[in-house]
Amino acid sequence: MTETTLAAGPLTAPATGRAAGLTHRRMQWSVRRWPWDLRISAAVLVLIVGAALIAPFLVDDPDAMNVANRLRGIGTAGHILGTDALGRDMLARMVDGTRVTLIAGLLPVAIATVVGSGIGICAGLARGRTHSVIMRILDVFYAFPAVLLAIAIAAALGSGITNVIAALTVAFIPPIARVADTETLRLRHMDFVEAAEASGATRSTIVVRQVLPNVAPPLLVYCTALVGVSIVYAAGLSFLGLSVAPPSPEWGLMISDLRQFISSKPELALIPAVAILLVSVAFNVLGEGLRKLGRVTR
Amino acid sequence: MLRFLLKRIAYGLPILFGVSILTFATVKMVPGDPVAAILGPNATPQARAAVTRQMGLDRSIPTQYFRWLWHCVQGNFGTSIAKQQPVLPLVMNAFAHTLILTAFAGVMAVAAGLALGGIGVRRPGGAAARICDGLSVLATSLPQYSVALVLVVFAASRTGWFPVQGMHSIGSSGFADLAHHVVLPAVCAALIPAGVIARMFRSALAEELTKESVLSMRARGLSERRCMRHVIHNTMPSLLTIAGLQIGYLLGGVVFIETIFAWPGTGQLVYQAISQRDMPVIQAGVLVSAVAFVVINIVVDAAHAALDPRIRAA
């Protein structure tokens with residue numbers, strides 16, 4: 001994270017953006033500046049989210065069984081992506097499962113962003129002891145690799161999608177809080193924040209007007225990449241049997257079901273595996289691209 | 001140096017303490033009555049009282065915690081509910097296997113990371129650099145279990161190049177056999193650390209190259225090779241830190257890989273324990289991985305300080 005991005009407050013907006021009739025910040029994030037990899041990943045994600053939203057209109061019942069027609073390969077007539085061990089249509093299950101997979105990936109990051117940035121900004125603004133106490137507590141959570149922490153919590157709470165979301169939220173709060181804390185610490189001694197302080201702005205005004213708008217861009221960029229991680233973990237917990245209960249189509253659970261047929265019909269288990277891979281790569285490329293966009297202006 | 005080490009250990013102790021509280025708390029979160037789980041619903045009140053006393057559940061929560069901590073420090077992690085064996089040897093045995101896997105993966109990750117990062121910085125913007133940058137972003141975003149499945153299908157079950165699972169073939173225990181079994185899981189485990197190391201190494205190199213010392217070395221006519229030797233030497237401390245941290249993460253993060261490749265490590269142990277709801281084993285597995293992570297962090301910091309005197313002063 002470079003300083004230049006965030007110093008782009010009202011004081012430093014260059015003339016080029018104004019000339020184009022855009023504010024500096026709008027100019028910086030404009031889609032027109034997006035490189036092709038950013039556009040492709042955004043397009044992939046829009047398609048997937050779109051499919052998730054209109055899944056019931058796109059495909060037939062994902063739970064319709066037909067045991068006579070089980071374990072068909074890719075390209076079978078009537079079942080483009082084949083059928084699973086109970087003869088359920090893989091395409092219908094994949095499209096329908098998108099919703100659960102996306103929710104389990106997005107929600108923990110969304111909640112953790114709100115809570116984590118709150119903790120981080122408070123810690124960054126508080127001085128001395130409060131700051132170090134908050135950071136020490138976060139260090140404890142840091143001592144657990146995120147997957148392990150999520151597994152431990154989900155295993156303790158029992159299986160279920162709500163518990164998976166809760167577990168992932170807890171696992172993601174510390175890293176987000178740390179990013180928010182670092183950014184706040186850096187901002188606190190910048191001229192425009194000190195100017196606001198000197199002119200008598202209250203702490204809450206400074207948080208809303210000076211800190212939040214400048215902490216938000218790097219935080220959102222970080223969280224975009226985190227959504228990819230979250231989707232991978234959420235599907236992973238479901239692969240371990242800690243998430244949704246069987247008939248529900250969910251990508252991680254489908255991998256775990258189809259894994260036993262890997263020697264006879266390997267392509268079936270690979271369909272959800274590759275889907276998770278695609279979504280994860282798309283979110284990471286998006287996050288990486290946005291990070292670069294935020295950094296470019298000097 | 002000794003003072004730095006002591007300070008670092010003093011800093012690590014409260015974290016270990018916090019880790020133990022958190023691990024203890026996860027078990028307390030388990031819904032349901034542990035006594036009923038052991039005795040079944042039809043137990044007499046006398047039997048219930050006896051088991052409650054025996055497990056120490058009649059004491060206050062802090063007392064229970066310190067008792068549990070005291071037992072853990074002595075190496076007594078309790079008895080596995082599913083296997084009816086002491087937990088400690090189970091976990092230690094598994095942890096040794098995870099260490100083997102992590103060691104192989106760590107070597108691969110550092111080698112690949114250095115190569116990708118090094119090429120990436122040579123001609124920034126060039127085709128090779130862009131491919132390497134792309135690969136390092138890709139490596140960090142590949143889900144381990146997806147890659148594991150792809151490798152199982154295409155490098156093991158279809159082609160027979162590598163064994164599909166396990167740590168040894170039946171009846172053999174040589175190093176060559178182990179190395180043959182470890183390749184695929186280690187490749188999967190190495191991907192994310194390799195990407196992270198590559199990105200870090202690349203940005204450290206790029207930053208180091210802009211320094212005036214490099215300009216002065218070039219001005220004095222040092223060959224590009226000797227120049228690079230100084231530059232790379234300066235990036236080593238931070239490289240060590242990031243590599244150590246990544247390997248620490250691996251110790252606890254290989255659950256999926258171990259499950260798919262049936263590698264008998266802590267990850268697989270924890271996975272089995274989850275399906276059997278064997279809390280003592282889950283608890284011990286998580287605790288051992290987290291403690292190992294904290295210890296690795298201390299070791300890495302100490303090594304960093306040994307290499308870079310500026311850190312010791314800070």
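Predicted model: local features only at pLDDT ≥ 70, side-chain atom pairs only at ≥ 80, totals over all residues.
Residues are numbered from 1 along each chain as its sequence is written, while chains are lettered from A and ligands numbered from 1 in the order in which they are written.

View 1. Helices are DSSP runs of H or I with at least four residues, strands are runs of E with at least two, and both are numbered from the N terminus. Axes are lines fitted to C-alpha atoms, for helices over the stretch in contact, and angles run from 0 to 180 degrees between N-to-C directions. Angles under 35 degrees count as roughly parallel, over 145 as roughly antiparallel, 65 to 115 as roughly perpendicular and the rest as oblique. The crossing of H12(B) past H13(B) is left-handed, a term used if the near helix is turned anticlockwise from the far one by less than a right angle (right-handed if clockwise). From H12(B), the contact takes in Thr266(B), Leu269(B), Val270(B), Ala273(B) and Ile274(B); from H13(B) come Val281(B), Ile282(B), Gly285(B), Val288(B) and Ser289(B). Two residues are in contact if their C-beta atoms, placed from the backbone, lie within 7 Å. By class, the contact of H12(B) with H13(B) has seven nonpolar, three polar and no charged residues. Ala, Val, Leu, Ile, Met, Phe, Trp, Tyr, Cys and Pro count as nonpolar, Asp, Glu, Lys and Arg as charged, and the others, Gly among them, as polar.

**View 2. H12(B), residues 266-275, is mostly covered.** Eight of the ten residues of H12(B) are buried. A residue is buried if 20 or more other C-beta atoms lie within 10 Å of its own, exposed if 12 or fewer, and partly exposed in between, with C-beta atoms placed from the backbone. The buried residues are Thr266(B), Gly267(B), Gln268(B), Leu269(B), Val270(B), Tyr271(B), Ala273(B) and Ile274(B). They pack against helix H5 (87-122), helix H11 (255-260) and helix H13 (279-307) of chain B, and also against helix H8 (146-157) of chain A. After H12(B) comes Arg277(B), which has a positive phi, near 50°.

**View 3. Helix H10 of chain B also packs against H13(B).** H10(B) covers residues 224-253, and the angle between H10(B) and H13(B) is about 170°, with the axes 9 Å apart. The two helices are therefore roughly antiparallel to each other. Among the residues of H10(B) in this contact are Met236(B), Pro237(B), Leu240(B) and Gly244(B); H13(B) contributes residues including Ser289(B), Phe293(B), Ile296(B) and Leu307(B). The residues of the contact divide into 13 nonpolar, seven polar and no charged.

**View 4. Cys132(B) lies in helix H6 of chain B.** H6(B) spans residues 127-141. Is Cys132(B) buried or exposed? Cys132(B) is buried, because 20 other C-beta atoms lie within 10 Å. Leaving out residues up to four places away in sequence, Cys132(B) touches Leu116(B), Ile119(B) and Gly120(B). Gly118(B) is 14 residues from Cys132(B) in sequence, and 9.0 Å from Cys132(B) in space, C-alpha to C-alpha.

**View 5. Chain A meets chain B.** The contact joins 37 residues of chain A to 38 residues of chain B. On the side of chain A, the elements that give two or more residues are helix H7 (128-142), H8, helix H11 (203-239) and helix H13 (266-296). H13(A) gives the most, with twelve residues. This side of chain A has 27 nonpolar, seven polar and three charged residues.

**View 6. Both chains contain helices and zero strands.** Chain B has 14 helices, and chain A has 13. Of the 314 residues of chain B, 36% count as buried; of the 298 residues of chain A, 47% do. Chain B is divided into domain 1 (2-73) and domain 2 (94-276), with bounds from an automatic or database domain assignment. Taken over C-alpha atoms, the centres of these domains are 36 Å apart.
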